[in-house]
Amino acid sequence: MATPTSSSTSTTNVFFLLSSLFVLLVAYSISRQSPYRETKLVLYVQDYLGGPDATCAVVGGKRGPDSSALDFGTVVVTDDLLTEGPEPESAPLGRAQGLYANSALDGKGIHMAFSLVFTGGPYNGSTLEVQGSDYYLVKAREFGVVSGTGHFRFARGYGVMETVWLDLNALRGVLKFTITVRHS
Ligand SMILES: *[C@@H]1O[C@H](CO)[C@@H](O)[C@H](O)[C@H]1NC(C)=O
């Protein structure tokens, strides 16, 4: 026979169980609804390793600072202009600042690790961290976007890089980046 005390304890237990389930259900549906926001952006990288207005410098390689960026082992520091359109005169969005390392024995692949530092446009003040492989003779290649700041906190995503034009003798080119990132 249940006493009034044990009956109220079991009512409390049932209430506690139901409210815990409710909290779990709400937490589950919130996490299912909006785990992230997604941003897609297109920008152009004015990539000049050669010429009087070069924005990249070879810092080392198998032949020291005279190494070719097209040879395995060469490390390049870059500060390339980012633009809204393919022309260098189009609206500036920021700079691609970081490193390229030629990391394919045949010289045809680059490991990229740089920041897209936005100083104009809708993401002014934010950054994205690009890390990935660039087989530059391939027309379109995919790379990883590993993190970000500002608008892009907790970012993770990918980009597709297309060569708009590339002059391997002059070591100059323009690249189109189409990036998709999920972020907080
Ligand atoms: C970018 O943001 C900085 C800092 O808020 C500001 O001074 C600058 O004018 C902005 N640039 C553009 C092009 O909006």
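Here is a short chat about the nonpolar core, a surface patch and a few loop residues in this predicted model.

Visitor: Where should I start with the inside of this one? Which residues touch the most other members of the largest nonpolar core?

Guide: Keep in mind that this is a predicted model. The largest nonpolar core has 28 residues, and those touching the most other members are Leu-43, Leu-116, Phe-118, Leu-128, Phe-177 and Ile-179.

Visitor: And which strands each supply at least two residues of that core?

Guide: That would be β1 (37–48), β3 (75–83), β4 (92–102), β5 (110–118), β6 (127–134), β7 (140–149) and β9 (172–183). The largest share comes from β5, with 5 residues.

Visitor: Let's pick Leu-128. What does Leu-128 touch, leaving out residues up to four places away in sequence?

Guide: Quite a list: Leu-41, Phe-114, Ser-115, Leu-116, Phe-118, Val-145, Ser-147, Gly-148, Phe-152, Ala-155, Ile-179 and Val-181.

Visitor: OK, switching to the outside. Which residues form a nonpolar patch on the surface?

Guide: Val-14, Leu-17, Leu-18, Leu-21 and Leu-24 do, and together they have about 520 Å² of accessible area.

Visitor: Where is Leu-18 found?

Guide: Leu-18 is in helix α1, which covers residues 4–33.

Visitor: Why does Leu-18 count as exposed?

Guide: Because its relative accessible area is 54%, and the cut-off for exposed is over 50%.

Visitor: Is Phe-154 buried or exposed?

Guide: Phe-154 counts as exposed, at 73% relative accessibility.

Visitor: Which loop holds Leu-171, and what is its phi?

Guide: Leu-171 lies in the loop between β8 and β9. Its phi is positive, about 55°, although Leu-171 is not a glycine.

Visitor: Last one: where does Leu-137 lie?

Guide: Leu-137 is in the loop between β6 and β7. Not counting residues up to four places away in sequence, Leu-137 touches Lys-108 and Leu-168.

Visitor: And how far is the C-alpha of Leu-137 from that of Glu-162?

Guide: The two C-alpha atoms are separated by 10.0 Å, with the residues 25 apart along the chain.

Definitions and conventions
Residues are numbered from 1 along each chain as its sequence is written. This is a predicted model: local features need pLDDT of at least 70, side-chain atom pairs count only at pLDDT 80 or more; totals for chains, interfaces and linings use all residues. Side-chain values use heavy atoms; hydrogens and water are left out. A nonpolar core is a set of buried Ala, Val, Leu, Ile, Met, Phe, Trp, Tyr and Cys residues joined through side-chain atoms within 4.5 Å. Buried means under 20% relative accessible area, exposed over 50%, partly exposed in between (1.4 Å probe, protein chains only). Helices (H or I, at least four residues) and strands (E, at least two) are DSSP runs, numbered from the N terminus. Contact means heavy atoms within 4.5 Å. Patches are made of residues with over 30% relative accessible area and no salt bridge: like charges are joined within 9 Å, nonpolar side chains (Val, Leu, Ile, Met, Phe, Trp, Tyr) within 5 Å. Accessible areas come from the Shrake-Rupley method with a 1.4 Å probe; for residues, only the protein chains shown count as cover. A salt bridge is a side-chain nitrogen of Lys or Arg within 4 Å of a carboxyl oxygen of Asp or Glu.
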